[in-house]
Amino acid sequence: MRKFKTAEKNRTNYVYYTAEGKKIVLTPEDVDSTWIALLHDEDDESVDADRREDYHVPIHYDAYSDGEGDDAADRNSYLEDDTFNPFEQLIQSMDVAEHEDKLQKLKVAIKTLQPQQQALIQKVFYDGRTNVDIAAEEGVTEAAIRNRLKKIYANLAKKI
């Protein structure tokens, strides 16, 4: 990426082109060298501003339109509002309804477990206790708690 429009070693003169394409060279003999330095500084600021804009705005507003008021075929993703999508909202509402249905089935299935199994589910999922903590309280190994939970999960899976 260019930092300067004109390399620093070539800044003794200033070259520009007219609208007709004619090349004009300003030398220190034609104008004061401070004017040449000022023109080069203005070019540098322009190059730097373009570089910053290209970095921060990779897709420009002009890319959103074809210039005649019609939307461009490839819409500008930065300007697109995708927060309201009826299809996505319908899917999410179906997911919520399905989740609620499964949750109700799970609650009913938990009520069919034995009281000690319900207590274990309470300790693990509602109280947030670890298998090791529960095993120490009940005086068994952590593997025993793990095996009990496996049996409970299998039982619940059949009922749901």
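## Briefing: a mostly helical predicted chain

Among the elements of the protein chain, strand β1 (residues 14-17) comes out with the lowest mean pLDDT, 80, while helix α4 (residues 131-138) has the highest, 93. Keep in mind that this is a predicted model. Over the protein chain the mean pLDDT is 80, with 77% of residues at 70 or more. A word of caution: where pLDDT is low, the predicted coordinates should not be read in detail.

**Overall layout**

- You'll find 5 helices and 2 strands in the protein chain.
- Walking from the N terminus, the order is β-β-α-α-α-α-α.
- Of the 160 residues in the protein chain, 17% are buried.
- Take the contacts between residues at least 6 apart in sequence: 35% of them link residues at least 24 apart.

**The largest nonpolar core**

- Twelve residues form the largest nonpolar core: A109, I110, L113, L120, I121, V124, I134, A135, I145, L149, I152 and L156.
- Four helices, α2 (86-111), α3 (115-126), α4 and α5 (142-159), each put at least two residues into this core.
- Helix α5 gives the largest share, 4 residues.
- As a general point, nonpolar side chains in soluble globular proteins tend to be buried together.
- What does I134, one of the core residues, touch beyond four places away in sequence? Its partners are L120, K123, V124, R129 and I145.
- Of those partners, L120, V124 and I145 also belong to the core.

**How α4 meets α5**

- The α4 and α5 axes approach to within 8 Å, crossing at roughly 110 degrees.
- That angle is why α4 counts as roughly perpendicular to α5.
- On the α4 side, the residues at this meeting are N131, V132, I134, A135 and E138.
- Facing them from α5 are E142, I145, R146, R148 and L149.

**A look at Y17 in β1**

- Y17 sits in strand β1, the element with the lowest mean pLDDT.
- Is Y17 buried or exposed? Y17 has a relative accessible area of 53%, so this residue is exposed.
- Setting aside neighbours within four places in sequence, Y17 makes contact with K22 and K23.

Key
Residues numbered from 1 in each chain as written. Heavy atoms only, no water. pLDDT = per-residue confidence, 0-100. Buried < 20%, exposed > 50% of the residue type's maximum accessible area, 1.4 Å probe, protein only. Contact = heavy atoms within 4.5 Å. Core = buried A, V, L, I, M, F, W, Y, C linked by side-chain atoms within 4.5 Å. Axes fitted to C-alpha atoms, helices over the stretch in contact; angles between N-to-C directions. Parallel < 35°, antiparallel > 145°, perpendicular 65-115°, else oblique.
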